[in-house]
Amino acid sequence: MAEAGRRRAVVALAAVLAVAASVAVVARVLAPAEVETVAREPYPALPAPTAGVIGRLPVAPLVVDGRLRVYAGARQVYADQPVTGRHRVTPFWSYRRWPATLVGVLAVGTTVVSRWSDGKLVALDARTGRVAWRADGPEPGSTAEPRRTFAATVWDPAGLHVARAADGRDVLLAAGPGAVGGYALGDGRRLWHAEVGRGCRVDVGSTASGEMVGVDTCAGPDAVELRDATTGVLRTRWRPPDAPDRLVVTPVGCRAGHSGCRGLRTAGPGGEDSRGWLVTDPGEPTAAPGLDGPDSVLDGERVVDTSGPVVTGRSARTGEELWRRADVHPARVLAVEPGRVHLLTDRRELVTLDPLTGATRSEFVLDVGRDGIGWQPGRAYAVSGYVAVERVREDAVPEDDDQGWFLMAEPVLLAAT
C-alpha cells in the first residue's frame, strides 16, 4: 500500500509539473511581445538613379530618406535597401509586435512611425531600426483588411498625419473614434488630447498652415473643423457657402499622404457642387476656382487638370490658364509630389511634368521584362522623384480577391523619374 501511495504521489507531482510547464509555455506564446531586429550593415548612401523602371515588388514600398524602402506586414514593419534594388531582399531591419496588428506607417526624414491596433505609436530610427520612442495614442477602431501589398497601410494610413508647426517642429497627429491627439515627432511626448464625437467625425488630414482637418457630422449640416496641431485648440469651424448638408472633403496638394496639404476640395456625396479651397494660412479656407474640377490636382499655387481635351496648368486662385499640353493626352494623374505631377497615358507611359511650366521632366513606358502593358493602375504613390503603382488586372472589380485583383505575384512597379 505504501508503494502504491508513493507511485500515486509521483504521478500527481508529474501531472502538476506538466500543467505548470504548459501554463508557462502558453504564457510565453500568448503574452504581448515585440521583436526588434536592428541593422547590421551601414546606412546606405544616397543613390542617383537614372529615370526609368527600377523593378517590381510583391508589396508596396514607402521610400524613406531617399535611401530605404519600408514595408508593412500584418504584425511587422521592415526595411530593405538599396532603394534602387530590382527586387525585395533580406530586411535591413525589422520590428514586430504581437498580438496587435499594424494599421498604419508614415515617415518624416529618418523617423518611421508605426501605428498599431491597440493604439500604440512606435517610432523607429530608419538608420538603425531601433525604437526611438513609444506612446499611447487613440485606438484606431476597425479598419478595412488591407490587400496583400499593404499599400493602404503605408501610402494612406488612416488617422495618422504630420503637421509642421510655425516654429518648424513636426507634430504627429493621430485620430480614432472619439479621440484625437498630437505628439512631438522628435520624442513622442503627448502635446494634447481631445475628445470628439464618436462615430460622427471624419478624419481628413493636415494643412500646410499647421492644422488638423476633420469633418463633424454629429448634428446638423456637416462642418469642416480646423484644429491647431500644436495645442489641439479648435481654431475654425466652417462650411462652404451654399454647400449641401452632407460634405465629402478631399485633401489636395499634400506634402506626403494627407499631410501638409495646401488645399481642400468639398463636394456633395455624389460629387456634385465640387469646389476648391486653399488652406495655406490659418483661418477659413480661401476659394480656389482653379481647383473646382474633380480631376484637378494641386502643387503650390498651380493646378494641373486632365479633364479636358488637353492637359492644362492653371492658377489655383483665379483659374487662369498658364500652359497647355496636347501631346500627352489622353492621360490621368497617377500621383503628385512637390515639384512633380506624374501622368499615366493609355499606352502606360509615365510622363512627369513640372507643374509650374508644363515641361516634361521624364517620360518612359511603365513596363519591365515581358510583363506588358495590359493592366490598370490601382493605388499609387510618389516621393522624392520615385513613383510606385499597383498593377491591377484590366477586368478586375473591387469584389475580387487578391488573386483575381492583382496582375501577378509581384504587382507593384517602382520607377525613378
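Is C200 buried or exposed? With a relative accessibility of 16%, C200 counts as buried (under 20% relative accessible area; exposed is over 50%, partly exposed in between, using a 1.4 Å probe and protein chains only). Keep in mind that this is a predicted model, where local features need pLDDT of at least 70, side-chain atom pairs count only at pLDDT 80 or more, and totals for chains, interfaces and linings use all residues. Residues are numbered from 1 along each chain as its sequence is written, and side-chain values use heavy atoms, with hydrogens and water left out.

**Disulfides**
- The count comes to 2 disulfides (a disulfide is a pair of cysteine sulfur atoms within 2.5 Å).
- C200 and C218 make one of them, with their sulfur atoms 2.1 Å apart.
- C200 sits in the loop between β14 and β15 (201-206), and C218 in the loop between β16 (211-216) and β17 (223-228), so the bond ties together parts 18 residues apart in sequence.
- The torsion about that S-S bond is about 80°, so the disulfide of C200 and C218 is right-handed.

- β12 (residues 170-176) and β13 (residues 179-184) pair over 6 bridges; strands count as paired if DSSP finds at least two.
- V171 stands opposite A184 in β13.

Definitions and conventions:
Helix = DSSP H or I, 4+ residues; strand = E, 2+ residues; numbered from the N terminus.
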